[in-house]
Amino acid sequence: MEDGAMVRATRLRKLYRGGAEVEALRGVDFEVGRGEMVAVVGPSGSGKTTLLNCLSGLDRFDTGQVWVDGRDLTAMSDRDRTTYRMRSMGFVFQAFNLLPVLTAAENAEIPLLLNGVRPKEARRRAIDALETLGMADRAGHRPDQLSGGEQQRVAVARALVHNPAVVWADEPTGNLDTEVTNVIIELLVRTNRQGQTIVLVTHNPLVADRAARVVRMRDGRIDLPRNQPAELVR
Amino acid sequence: MTIAALAAASLVVFAYLILGLIAIRRPLLARVAYRQVVRRPWQATLMVAGMTFGSAAILGMATLVDSIDGTLSQTLLDSWGNVDLTVTSAGRTFSLDVARQLKEDSAVSGRVAGVSGGLDLAGSIGDLNRSLGVPTVQFIGIDHATGDALGAFQLTDGSKLDPTRLSAGEGVLTDQLAERLQAQAGDRLRVQIGRPSATPAAFDLELKGIAQRGPGAAYGRLPALFLPLIDLQQLSGIAGINIVRIRATGQGMAEVQAAHEVSPIVRQALASLPGGAGLELREVKADDLKNNAQQTAAARPLLIGLGFLVVLAAVALVVNLVLALAEERRPRLAVFRALGLSRAGMVVMSLMEAAFYGLAGSLLGVLPGLAYGAYETIFKALPVVSFTQVSAPTLLFNVAPSSIVFAISCGILVSLITVVLASLRSSRMSISSAIKQLPDPTVARQSWWRWSGIAILVLVAVACIATPSLPLRALAGSVLIIAATAALRGRLPERARATIAGAAMTAWSLSLPFRTFGDFNLYFGLLMIAIVGGVAGVALLVSANLKLLERLVASGSVRLGTMLRPPLAYLTRRPIRTALTTGTLGLTLAVITLFAIIRGSIVPEYTSVSNNWDVIVTSAGDPALALPSAVQPRIARQMAITTATYVGPAKRSVANSQASNDRLQDYLVFLVLSDEQFDHPPIRLERRASAYPDDAQAWRAVRDDPNLAISQFAVPGESLFVGSPTNAVQFKSAGASTTPILQPSWGSWHIVSQRGLQRIQATGLGTTLLLQVTPGTDPASVALEVRGALYAKGVDAVTTRQLYGEGIASADWYWSLFTDLFDAGIVVGVLSLAILALRAVVERRRSIGVLRALGYQPPTVLVALVVEGLLAAGIGVVAGLAVGLVTGYGLIVMGPISGRLQFGIAPSMVVVPAVLVIAAVLIGSFGPALRASRIPPAQALRLVD
């Protein structure tokens with residue numbers, strides 16, 4: 001793995017079986033630098049989410065290798081991958097995916113508690129994270145008492161609260177209007193500027209434009225336009 | 001068809017007609033509802049299963065009541081044979097001419113099928129060939145000239161025997177008496193009747209045949225011996241008769257109706273006879289049937305009401321499922337709403353779906369309901385009882401069509417109502433959020449709706465308070481608490497509000513049993529309100545404060561606290577579902593605990609029942625019975641009590657209560673104590689009238705006042721009326737005991753003084769000997785030896801230990817009727833939890849995916865889900881036990897059955913179901929939890945299932 005690469009995948013191949021066999025990833029090579037913000041774009045069914053899931057260890061793949069922060073995910077057991085996600089990764093999803101029965105603060109502090117931080121300390125840090133995102137006054141509210149934008153800000157706080165090595169964001173603005181989208185993407189960009197590695201999947205060109213690099217996918221492959229370098233650096 | 005069944009069936013037909021009309025006008029709704037039913041067969045199966053349990057429980061209990069009712073009715077019809085009307089004289093004898101003149105009366109003879117004079121007495125019998133004896137046998141003397149009124153005996157060898165063909169010196173036994181005596185045709189029988197101021201008369205008979213039950217054939221009410229009137233007159237020293245039996249024309253109920261129509265004519269004819277004015281004509285068969293119907297009608301609401309306990313559990317299950325399904329279908333339903341389906345349309349669609357489930361579940365419930373009824377009546381052997389109950393009676397399986405209609409209709413109605421209420425709630429959604437599978441934003445509801453609801457609740461409470469009904473007024477307290485809780489919404493933190501509401505509901509509900517009421521029905525109503533409110537209160541209180549448990553755990557282990565956070569949050573913040581699940585189990589466990597306390601408190605100690613007597617020797621034929629001299633050295637203490645049997649009309653009634661029996665042809669045993677025996681009574685009292693400060697004074701009062709008695713099964717204030725309505729002798733109960741050691745179980749015993757006995761026309765004098773054996777002597781061997789020595793006198797001897805054991809077995813059989821039903825409630829409760837665990841896998845798929853993505857290990861997910869089920873079950877069990885214990889304690893110390901009862905509990909009745917619940921939940925939730933923990937996080941996070 002080259003110095004400075006936070007995420008690296010080689011010849012990643014993923015098949016979905018069940019009825020007709022679908023090859024979602026067809027030997028993808030992919031790399032994300034440390035502190036880089038990469039946007040993966042492409043039409044529906046191109047394999048963006050599958051790539052993100054495989055890179056983050058949420059899903060298994062059939063062949064190929066993935067390294068994150070120097071650790072080979074391929075060689076890890078499910079238990080080790082889970083532990084690795086707990087310590088080194090943060091996630092933001094399109095549907096926010098906050099636990100509906102927990103308050104904003106309780107949702108945000110889950111990664112800290114999982115990492116063994118004492119409850120009081122975890123709550124303090126969760127409130128700090130929410131405060132950073134302008135959500136401190138909503139810390140005691142449950143998801144059904146928050147707007148979509150507020151829920152996604154809580155999700156971002158949950159993704160960042162334990163200072164993970166990588167934040168994975170799958171369509172983080174898919175359910176939000178333009179105004180709130182700008183707020184969320186601004187948050188991610190600001191975080192990235194502080195050194196946080198971020199990989200996001202999006203359909204939204206406005207969001208993709210804010211990433212340091214945009215990777216296009218089509219039919220399970222990284223799409224390399226003719227006469228274009230493999231990496232599109234903005 | 002009963003009114004309740006007709007009303008329920010009409011409502012069902014009406015509801016289906018309306019739904020049918022809507023389906024015709026809006027076929028899309030019906031089509032979608034149908035598709036929802038068939039889309040997930042397992043889900044539909046579970047919904048149907050819930051309602052199957054509910055309607056099966058109702059039908060099972062209804063079948064049980066029908067069977068008991070049918071059996072008793074048939075037994076009564078059999079006991080009277082062809083006899084429909086009787087003429088008696090309050091136990092006194094009168095001339096045989098009355099019967100003969102009545103038969104010859106032209107107005108009567110043309111309208112009835114037969115008139116027969118006879119004697120109906122009690123005595124003892126011994127089979128000299130088999131060396132066995134039975135005391136207290138019904139002797140039915142048949143007049144040769146008119147005996148055909150009884151109907152022909154159906155003999156066990158298949159032949160028939162006309163009663164008039166019984167010659168002098170011949171007798172017929174009923175099969176249950178023959179079984180006890182092991183008698184066979186041709187045996188020599190020795191019959192004996194105790195006569196006052198004379199030596200006991202004995203008479204030998206040849207057993208002509210053994211009669212069995214059959215339509216229209218005479219059988220007798222007790223184990224009976226039929227013999228020629230002349231023989232019985234000679235034996236008893238009675239010249240006349242004490243009963244005229246009249247047979248009406250027709251068969252079955254037509255015969256009963258014919259008897260009713262002819263009775264004024266007979267009464268008129270009777271009045272014109274010399275000496276006939278003081279005689280009483282009674283429609284005995286109709287009276288017995290009416291009394292039986294009243295008794296079962298009184299028991300039916302209680303038993304069917306207990307069946308509704310299972311229905312309540314099934315309702316909780318269905319509501320849980322409906323809410324879970326609504327959550328799962330939310331995006332699809334939101335699309336319908338977006339396309340123009342109104343909220344009412346959604347509710348109607350749910351109703352149509354429920355109409356499928358309700359109909360299928362209720363129809364399927366018929367089979368298990370009947371099976372349950374059949375199990376309780378046919379396959380579960382009734383306990384054997386000693387003394388004259390010579391064989392265990394069997395219940396006849398019987399089910400009224402109206403019971404089936406009622407059960408099916410109730411199942412459907414409960415299903416429809418439950419789904420309407422649940423779907424009203426689930427149809428409230430933010431369409432855009434639901435389509436995107438996002439939580440519904442909290443919308444401040446228009447306060448006037450809330451305040452209108454609160455106002456209605458308050459009005460309902462005030463209306464309940466204004467009524468004289470105590471249960472309704474108790475209910476008003478609960479309603480006011482609910483109204484106050486609703487009014488506090490938004491003014492207090494949710495947890496504080498739930499805690500206050502739970503505490504208030506618990507305190508109010510559990511205070512209800514600690515009020516003194518004499519009326520058991522009212523008190524039972526209060527108990528039910530207390531149990532439902534108490535369980536709801538405790539469940540709410542505990543659920544709202546589970547956060548404390550999380551904090552407690554987290555203070556010890558961060559990891560454990562983190563693991564428990566989601567399950568505790570799901571339980572705490574979904575109060576309706578938690579309350580439904582925990583409430584189902586809690587309610588069932590509370591009722592089980594209450595019944596376990598009643599069972600444990602009612603079952604007396606052996607020493608209390610026996611009063612240290614070891615052996616009881618009984619004879620209804622010898623008032624001066626003495627023990628064989630060979631046995632005497634092994635007897636440390638003995639008491640001989642003179643007994644007398646009254647045969648004739650009698651009734652019991654309780655002061656200030658409408659629950660009084662109609663006057664029936666009865667067989668009462670009176671035990672006459674001497675003054676010394678009153679000073680050292682043979683038994684311990686269980687209850688006494690409040691006028692007497694202690695037992696000794698109650699006994700002395702009976703000694704001194706011939707109007708008083710100590711009676712079996714009596715309650716303070718109850719009176720026994722002996723004789724006809726115009727010529728009744730009243731005995732007021734000064735105290736009571738349920739001890740079985742004094743007399744046979746077929747009739748009640750009454751202890752009176754000698755002067756008390758003189759007030760009635762009692763016959764069949766006998767002796768009850770109470771024996772205490774010397775230390776080291778086996779009471780059973782003494783009983784055996786006495787039986788062997790005195791069988792010819794028709795004497796029976798039995799140990800008090802055996803009687804006590806039989807009493808317990810009898811009670812166990814009775815209680816098993818309830819425990820079987822409660823088990824069904826437990827099964828539904830456990831099923832409910834298992835279904836919730838299953839649903840959790842589907843419903844929380846994405847939440848589980850998130851947790852897995854964030855770092856929850858599969859075993860953690862597994863444990864968290866299992867712990868959630870266990871906690872819900874645990875809360876239910878604890879709430880149920882606590883509420884059951886408190887209400888049970890209230891019942892024992894303050895309720896109408898309080899007094900001499902000691903608070904006790906039958907532990908196995910409670911511990912076994914509680915442990916089984918926990919074990920079943922553990923096993924039931926493990927599979928779904930394991931499945932959930934194994935879902936790859938990426939798969940769990942996908943939007944579409």
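Two strands are taken to pair if DSSP finds at least two bridges between them. Helices (H or I, at least four residues) and strands (E, at least two) are DSSP runs, numbered from the N terminus. The structure is a predicted model, in which local features need pLDDT of at least 70 and side-chain atom pairs count only at pLDDT 80 or more, whereas totals for chains, interfaces and linings use all residues. Residues are numbered from 1 along each chain as its sequence is written, and chains are lettered from A, with ligands numbered from 1, in the order in which they are written.

In chain B, strand β8 (residues 201-212) pairs in the antiparallel sense with strand β4 (residues 153-155) over two bridges; there, B:Leu155 has B:Ala211 of β8(B) as its bridge partner. Strand β6 (residues 170-174) of chain B runs parallel to β8(B), the two being joined by five bridges, and B:Leu173 stands opposite B:Ile210 of β8(B). An antiparallel pairing over six bridges links β8(B) to strand β7 (residues 188-193) of chain B, with B:Ala202 in β8(B) as the bridge partner of B:Gln192.

Between the chains, 30 residues of chain B are in contact with 30 residues of chain A, contact being defined by C-beta atoms, placed from the backbone, that lie within 7 Å. The elements giving two or more residues to this side of chain B are α18 (558-573), α26 (845-854) and α29 (937-941). Helix α18(B) provides the largest share, eight residues. By residue class, the side of chain B that touches chain A comprises 16 nonpolar, seven polar and seven charged residues. Here Ala, Val, Leu, Ile, Met, Phe, Trp, Tyr, Cys and Pro count as nonpolar, Asp, Glu, Lys and Arg as charged, and the others, Gly among them, as polar.

Note on methods:
Two residues are in contact if their C-beta atoms, placed from the backbone, lie within 7 Å.
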